[in-house]
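I opened this entry to note what I looked up. The sequence and structure come next, then my notes.

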Amino acid sequence: MRRRRSRLSFGALPVLAAFAIVVAGPVRAEVIHVTMEQIAYMPAQISASVGDTVEWDNKDIVAHSATARDKSWDVVIAPNGKNSIVLKSAGTVEYYCRFHPNMVGQITVKARE
Amino acid sequence: MRMSATHLMHTHLMHSGEPNSPRYRETPMSIRIFTRTGAAIAAICLFAGSGFAQTAAKPTDPQIAHIAYTADQIDMQAGQLALKKSKNKDVRAFASDMVRDHTAVNQKALALVKKLKVKPEDNPTSQQLSKQASDKRAELSKLNGAAFDKAYIDNEVAYHKTVNDALQNTLIPSASNQELKDLLTTGLKIFQGHQQHAEQVAAGIK
């Protein structure tokens, strides 16, 4: 991928410039880790920015889901498994486990500056 | 179902294997009084009563393991019946969750009793649970369509409530092995989730 881009850059300077901004820009997307343990999300509340990834790591003996109440996303995480989403829009999202609705979490998503 | 099973757990477990002497029945009360008064009095009562409490009021770990396994097995079978009979999407999703989760918990329980070298011991509470479950299964088997869905999900709400009450009030406090206690505690949280899920499904199919 990178090799391909650098070859292109010889003939396409604007592409190289855009690539440089993405790589060296002031903010980089982060991966925020949430553990599922003892039928709870830990931490239950997180803050993130648009473009960040939230990754759930299920340490319980049963499968869980992370399901947005506004239905914008829904992922299932097997026991000892991981799964993730990329946050696409700003706002506060409440989420829960479809299988165990006593598990609840919240993500506050800020717009990227 | 709910009342009778809860009542059953308490009565059988409180008096199993012990004579009906008033002295035995006094023990839980002395502990209760103790918690309301000072720590010193409590400690004395606790020491004085601990022998009775253990023999008269507590199921043993092998009995607890058997009760927990039986209770799990019952709900798994109810889920399998629902998957055979129901066409309702939410009921079927719930039933398959029950089969999957209770299978996972039971596998964990079996691995633990093997590790601890505990041999699950049949007891009146397990027997009564099995008897009630087979009666309920016979009742549900005769129903179809929406009538089945409602009866199944209402029973799931009641059953999880009964089991959760028993776990919280009898089985977890009585378990002496810490790993068994931990597994029961995790089980309680899972089943509290099932109870809420069942309540949601029940509200949706009315």
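I count two residues as in contact if their C-beta atoms, placed from the backbone, lie within 7 Å. This is a predicted model, where local features need pLDDT of at least 70, side-chain atom pairs count only at pLDDT 80 or more, and totals for chains, interfaces and linings use all residues. Residues are numbered from 1 along each chain as its sequence is written, with chains lettered from A and ligands numbered from 1 in the order in which they are written.

Entry on two helices. Helices (H or I, at least four residues) and strands (E, at least two) are DSSP runs, numbered from the N terminus. I looked up α5(B), residues 89-116, and α8(B), residues 178-204: their axes come within 11 Å and cross at roughly 175 degrees. Axes are lines fitted to C-alpha atoms, for helices over the stretch in contact, and angles run from 0 to 180 degrees between N-to-C directions. The crossing makes α5(B) roughly antiparallel to α8(B) (angles over 145 degrees count as that). Among the residues that meet are Phe94(B) and Met98(B) in α5(B), and Leu183(B) and Ile190(B) in α8(B).

Entry on the sheet. Chain A has an open sheet of five strands in the order β3-β9-β8-β5-β6, with mixed pairing (two strands pair if DSSP finds at least two bridges between them). I noted β3(A) and β6(A) at the edges; each has a single partner strand, so one side of each is left without a neighbour in the sheet. The twist averages 25 degrees from one strand to the next. β3(A) pairs with β9(A) in the parallel sense over five bridges. Ala48(A) has Val109(A) in β9(A) as its bridge partner.

Technical notes: Parallel < 35°, antiparallel > 145°, perpendicular 65-115°, else oblique.
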